[in-house]
Amino acid sequence: NTAPLARVTYPLNGQEFDLPADRVVSFLADASDGVGLERLEWILDGQPAGENLVPPYSLAWSAAAGEHTLAVRAMDLAGNISVSAPVQFRVKR
């Protein structure tokens, strides 16, 4: 069995946001697998932040100031798991 492919497509690595306190950022990801995906989990700063069971893979996040790391973990129907390369981004107020 082959693990699924997953990657964060937005934000871009190294991206900076200059946002007001109430601003929401929509995270985007791509994932694929030959068997089929069970779910995609969002991991923000090492903690679970949400999940999608079907595409499109997106998550609305209430922006918090600081440096952040975002990744996604994809699980396929055969039980294989993969984690994307992390994306680093910064939110300035």
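Mentor: Two strands count as paired if DSSP finds at least two bridges between them. In this predicted model, Val25 has Trp61 of S6 as its bridge partner, and Phe27 has Leu59 of S6 as its bridge partner.

Trainee: How do you know that S3 and S6 are paired, and in which direction do they run?

Mentor: Six bridges join S3 to S6. The definition asks for at least two, therefore the two strands qualify as a pair. They run antiparallel.

Trainee: What makes up the open sheet, and in what order do its strands stand?

Mentor: The open sheet has three strands in the order S1-S3-S6, and the pairing is antiparallel. S1 and S6 are called edge strands because each has a single partner strand, which leaves one side of each without a neighbour in the sheet. From one strand to the next, the twist averages 25°.

Trainee: Which residues of S6 form its covered face, and which its uncovered face?

Mentor: Tyr57, Leu59 and Trp61 form the covered face, whereas Ser58, Ala60 and Ser62 form the uncovered one.

Trainee: What makes a set of residues a nonpolar core, and which members touch the most others in the largest one?

Mentor: The members must be buried, must belong to a list of residue types that includes Phe and Trp, and must be joined through side-chain atoms within 4.5 Å. The largest core has 21 residues, and Phe27, Trp42, Trp61 and Phe89 touch the most other members. At least two residues of this core come from each of S1, S3, S4, S6, S7 and S9. S4 supplies the largest share, four residues.

Trainee: Which residues is Phe89 in contact with, leaving aside its neighbours within four places in sequence?

Mentor: Among them are Phe27 and Trp61, together with Leu44, Leu70, Phe17 and His68. The word contact is used here because heavy atoms lie within 4.5 Å.

Trainee: Why is Ser84 called buried?

Mentor: Its relative accessibility is 6%, and the cut-off for buried is under 20%, so Ser84 belongs to that class. Ser84 is placed in the loop between strand S8 (81-83) and strand S9 (87-92). Apart from neighbours within four places in sequence, Ser84 is in contact with Ala6, Arg7, Val8, Ala71 and Val72.

Trainee: How is Ile81 classed, and why?

Mentor: Ile81, in strand S8, has a relative accessibility of 49%. Exposed requires over 50% and buried under 20%; the value lies in between, so Ile81 is partly exposed. Contacts of Ile81 beyond four places in sequence are with Ala3, Pro4, Arg73, Ala74 and Met75. The C-alpha atoms of Ile81 and Thr2 are separated by 9.0 Å, although these residues stand 79 residues apart along the chain.

Trainee: What secondary structure does the protein chain have, and why is it called as compact as a globular protein of that length?

Mentor: The protein chain has nine strands and zero helices. Its radius of gyration is 14 Å, close to the 12 Å that the globule rule gives for 93 residues, and therefore it is described as being as compact as a globular protein of that length. The C-alpha trace spans about 45 × 20 × 20 Å along its principal axes.

Trainee: What share of the residues is buried, and what share of the accessible surface belongs to carbon and sulfur atoms?

Mentor: Buried residues make up 38% of the 93 residues. The accessible surface comes to about 5,300 Å², and 52% of it belongs to carbon and sulfur atoms.

Conventions:
Residues numbered from 1 in each chain as written. Predicted model: local features only at pLDDT ≥ 70, side-chain atom pairs only at ≥ 80, totals over all residues. Heavy atoms only, no water. Buried < 20%, exposed > 50% of the residue type's maximum accessible area, 1.4 Å probe, protein only. Axes fitted to C-alpha atoms, helices over the stretch in contact; angles between N-to-C directions. Rg over C-alpha atoms; globule rule 2.2 N^0.38 Å. Areas by Shrake-Rupley, 256 points an atom, 1.4 Å probe, with all protein chains shown as cover.
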